[in-house]
Amino acid sequence: SLAYLVLYPGLGSYTGSYQWTSKKQYDEEVTLANAQSGPMYEKYAKTELKQLAVDPAALAIGQKLFLNNCAQCHSSDARGGKGYPNLVDMHWMWGGAPEAIKATIANGRKAVMPPWGGVLGDDGVKDMAHYVMSLNGSTFDSLRAARGKEKFGSMCAACHGQDGKGNPAIGAEDLTNKLLLHGADEPALIETIGKGRIDTMPAQMELLGEAKVHILAAYVWSLSNSPGVATPPAKSGAK
């Protein structure tokens with residue numbers, strides 16, 4: 001015990017003769033791991049994303065990166081959940097092209113839906129919800145939808161477009177489908193319109209680096225564009 005306290009921190013502010021810290025050990029282990037695995041990632045770094053998406057070896061690496069860094073939010077089967085995008089369909093808030101996906105992973109995204117409850121009031125929010133339901137083919141109240149449509153053009157079209165098809169440049173959802181991030185039924189829409197939403201995708205470039213982000217982007221793109229080449233990991237627990 002005495003030898004330990006001489007070598008390692010344990011007595012007040014004394015740092016120990018080894019100058020050991022958990023952060024220092026972690027940084028050293030990360031540096032060693034990167035040195036050992038770096039060449040494996042770098043050999044794919046210059047390969048075009050669509051080409052990587054049909055390379056079984058690259059996809060196997062991408063799958064492991066996904067499980068370690070993305071499954072916590074998007075689920076182990078990549079199908080997400082309420083508030084977390086499904087990555088295996090063709091609906092993308094910020095665009096589904098390979099380079100758009102890479103930019104999302106690398107730089108992160110933040111989408112803000114302002115709350116309209118104070119402006120519209122309870123009835124106005126419900127009217128707007130029914131208009132959105134009319135756009136996506138849900139059962140709706142035609143009178144409420146007609147009233148909601150009158151205000152949609154002045155309050156919502158700037159982001160979602162006059163036709164409600166959204167704008168990937170700012171992460172505005174396509175309201176003409178039922179696969180909305182926070183739900184497309186009446187209660188979910190009322191909450192979204194009335195209270196607003198703030199959705200954040202954290203940037204991964206600093207954590208993963210360019211080469212890993214590149215491979216991960218190819219894997220994510222492949223999930224919805226190359227069926228049978230890359231498959232989502234088996235689901236292991238709830239979304």
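# Report on a predicted single-chain model

Asp127 is found in helix α7, which covers residues 117–135. Helices here are DSSP runs of H or I with at least four residues, strands are runs of E with at least two, and both are numbered from the N terminus.

The model is predicted, and local features need pLDDT of at least 70, side-chain atom pairs count only at pLDDT 80 or more, and totals for chains, interfaces and linings use all residues. Residues are numbered from 1 along each chain as its sequence is written, and side-chain values use heavy atoms, with hydrogens and water left out.

## The chain as a whole

The secondary structure comes to 12 helices and 2 strands. Read from the N terminus, the order of elements is α-α-α-α-α-α-β-α-α-α-α-β-α-α.

The radius of gyration of the chain is 24 Å, whereas a compact globule of 239 residues would have one near 18 Å. This radius is taken over C-alpha atoms, and the globule rule is 2.2 Å times the number of residues to the power 0.38. Along the principal axes, the C-alpha atoms fill a box of roughly 80 × 50 × 30 Å.

Of the 239 residues, 41% are buried. Buried means under 20% relative accessible area, exposed means over 50%, and partly exposed lies in between (1.4 Å probe, protein chains only). The chain exposes about 13500 Å², and carbon and sulfur atoms supply 57% of that area. The areas come from the Shrake-Rupley method with a 1.4 Å probe; for residues, only the protein chains shown count as cover.

Among the contacts in the chain with a separation of 6 or more, 59% join residues 24 or more positions apart. A contact means heavy atoms within 4.5 Å.

There are 23 positive and 23 negative side chains, and the centres of the two sets lie 1 Å apart. Lys and Arg count as positive, Asp and Glu as negative, while His and the chain ends are not counted. Each charge is placed at NZ of Lys, CZ of Arg, CG of Asp or CD of Glu.

## The bend in helix α2

Helix α2 spans residues 22–45 and bends by about 50° at Ser37, with a proline, Pro39, following within four residues. The bend at a residue is the angle between axes fitted to the seven residues ending there and the seven starting there.

Ser37 itself is buried, as are Gly38, Tyr41, Tyr44 and Ala45 of α2. The cover over the buried residues of this helix includes α3 (49–52), α4 (56–69) and α12 (210–225).

## Selected residues

The table lists relative accessibility for residues that are discussed below.

| Residue | Relative accessibility | Class |
|---|---|---|
| Ala78 | 0% | buried |
| Ile101 | 3% | buried |
| His130 | 7% | buried |
| Asp127 | 8% | buried |
| Thr104 | 15% | buried |
| Gly153 | 30% | partly exposed |
| Gln19 | 44% | partly exposed |

Two of these residues lie in loops. Gln19 is in the loop between α1 (2–7) and α2, and its phi is near 55°, a positive value in a residue other than glycine. Ala78 is in the loop between α5 (71–74) and α6; its phi is also positive, about 70°, although Ala78 is not a glycine.

Helix α6 covers residues 98–107 and holds Thr104. Leaving aside neighbours within four places in sequence, Thr104 is in contact with Trp94, Arg109 and Met201. With residues up to four places away not counted, Ile101 touches Trp92, Gly95, Gly96, Ala217, Val220 and Trp221. Ile101 and Lys46 are 55 residues apart in sequence, and their C-alpha atoms are 17 Å apart.

Apart from neighbours within four places in sequence, Asp127 is in contact with Arg144, Ala145, Arg147 and Gly148. On the same terms, the contacts of His130 are Phe140, Asp141, Arg144, Ala145 and Glu186. Ala145 is 15 residues from His130 along the chain, and the C-alpha atoms of the two are separated by 4.8 Å.

Helix α8 (residues 142–155) contains Gly153. From Gly153 to Gly164 there are 11 residues in sequence and 9.5 Å in space, C-alpha to C-alpha.
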